[in-house]
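Subject: Structure for you to look at

Hello,

Here is the structure I promised to pass on. Please open it and keep it on screen while you read.

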Amino acid sequence: NAKPHVFDLIRPDLISFNSVLNAWVHSNESFAAHRAQEVFSLLKIQKDGILPDTISYNTLMNAWAKSRGDSKESLTRMMDVFEEMKASALENDNSDIEPTTVTYNTALSAIAKSGQSDAGTNAQAILEKMEKLSTEKNSHIS
């Protein structure tokens, strides 16, 4: 019976992936959000049962919100991640990936900075959704 080598036991876990996502958020690279998206995609196909959690989704949303690229594309990509998160939480009945106040605030901040003519209307709609959810759940916002 051979013992497994120590390096056979070293595998990235959720914290590893979330740390790399966060590193891309704080990177000064112009392509950082795209790289964060690549890391997130790798996380989603892990065979060790590792799945993205709220922190993973929030961090990826933050990467797109802070992206230095085309602001319209970045906002669209960030909102796509937001919608994917909500759908995944419902589909998997998984509270580990439910949107939180941080999630909604990230979306609000990105919308506010987008400079789009309908930013106020879109932000108001999200705020109203937050208020509705907070009275429905009476706990954290999801």
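Below is what I found, going from the whole chain down to single residues.

**The whole chain**

Bear in mind that this is a predicted model. The protein chain has six helices and zero strands. Along the sequence, the pattern reads α-α-α-α-α-α. The C-alpha trace spans about 65 × 40 × 20 Å along its principal axes. The chain has 142 residues, and 36% of them are buried. Now take the contacts with a separation of 6 or more: 63% of these join residues 24 or more positions apart.

**The core**

Which residues touch the most other members of the largest nonpolar core? They are Met78 and Ile126, in a core of 33 residues. H1, H2, H3, H4, H5 and helix H6 (119–137) each supply at least two residues of this core. Look around Ile126 next. Setting aside residues up to four places away in sequence, Ile126 touches Met79, Tyr104, Ala107, Leu108 and Ile111.

**Helix H1**

H1 covers residues 14–25, which is 12 residues. At 1.5 Å a residue, H1 should span 16 Å. Its end C-alpha atoms are 17 Å apart, which agrees. Five names to find here are Phe17, Asn18, Leu21, Trp24 and Val25, the buried residues of H1. Look down the axis of H1: these buried residues fall within an arc of 115°, so they line one face of the helix. The cover over them includes H2 and helix H3 (54–65). Check the start of H1 too. There, a side-chain oxygen of Asp13 comes to within 3.2 Å of the backbone nitrogen of Ile15.

**Helix H4**

H4 has 22 residues. From first C-alpha to last, H4 reaches 31 Å, close to the 32 Å expected at 1.5 Å a residue. Its buried residues are Ser74, Leu75, Met78, Val81, Phe82, Met85, Ser88 and Ala89. Viewed down the axis of H4, they fall within an arc of 155°, so they line one face of the helix. H2, H3 and H5 are among the parts that cover them. What does the face turned away from the buried side of H4 carry? It carries the exposed residues Lys72, Leu90 and Glu91. After H4 comes Asp93, with a positive phi near 45°.

**Thr103**

Thr103 sits in helix H5 (residues 101–113). Is Thr103 buried or exposed? Its relative accessible area is 0%, so Thr103 is buried. The side chain of Thr103 reaches the backbone nitrogen of Thr100 at 3.0 Å. Leave aside the neighbours within four places in sequence. Thr103 is then in contact with Thr54, Asn58, Met61, Phe82 and Met85.

**Salt bridges**

Side chains of opposite charge can pair when their charged atoms come close. How many salt bridges does the structure hold? It holds four. Here are three to find.

- Glu38 and Arg35: their side chains meet at 3.7 Å, N to O. Both lie in helix H2 (residues 32–44), three residues apart, about one turn of the helix. Glu38 is partly exposed, with a relative accessible area of 46%. Arg35 is also partly exposed, at 36% relative accessibility.
- Lys44 and Glu84: the closest N and O atoms are 2.9 Å apart. Lys44 lies in helix H2 and Glu84 in helix H4 (residues 71–92), so the pair ties together parts that are 40 residues apart in sequence. Lys44 is partly exposed, with a relative accessible area of 39%. Glu84 is partly exposed at 29%.
- Glu73 and Arg77: their side chains meet at 3.3 Å, N to O. About one helical turn separates them, because they are four residues apart in helix H4. Glu73 is partly exposed, with a relative accessible area of 30%. Arg77 is partly exposed as well, at 26%.

**Where to start**

Best wishes

Key
Residues numbered from 1 in each chain as written. Predicted model: local features only at pLDDT ≥ 70, side-chain atom pairs only at ≥ 80, totals over all residues. Heavy atoms only, no water. Buried < 20%, exposed > 50% of the residue type's maximum accessible area, 1.4 Å probe, protein only. Expected span 1.5 Å × (residues − 1). Arc of directions from axis to C-beta. Contact = heavy atoms within 4.5 Å. Polar contact = N/O pair within 3.5 Å; in protein donor to acceptor, adjacent residues only side chain to side chain. Core = buried A, V, L, I, M, F, W, Y, C linked by side-chain atoms within 4.5 Å.
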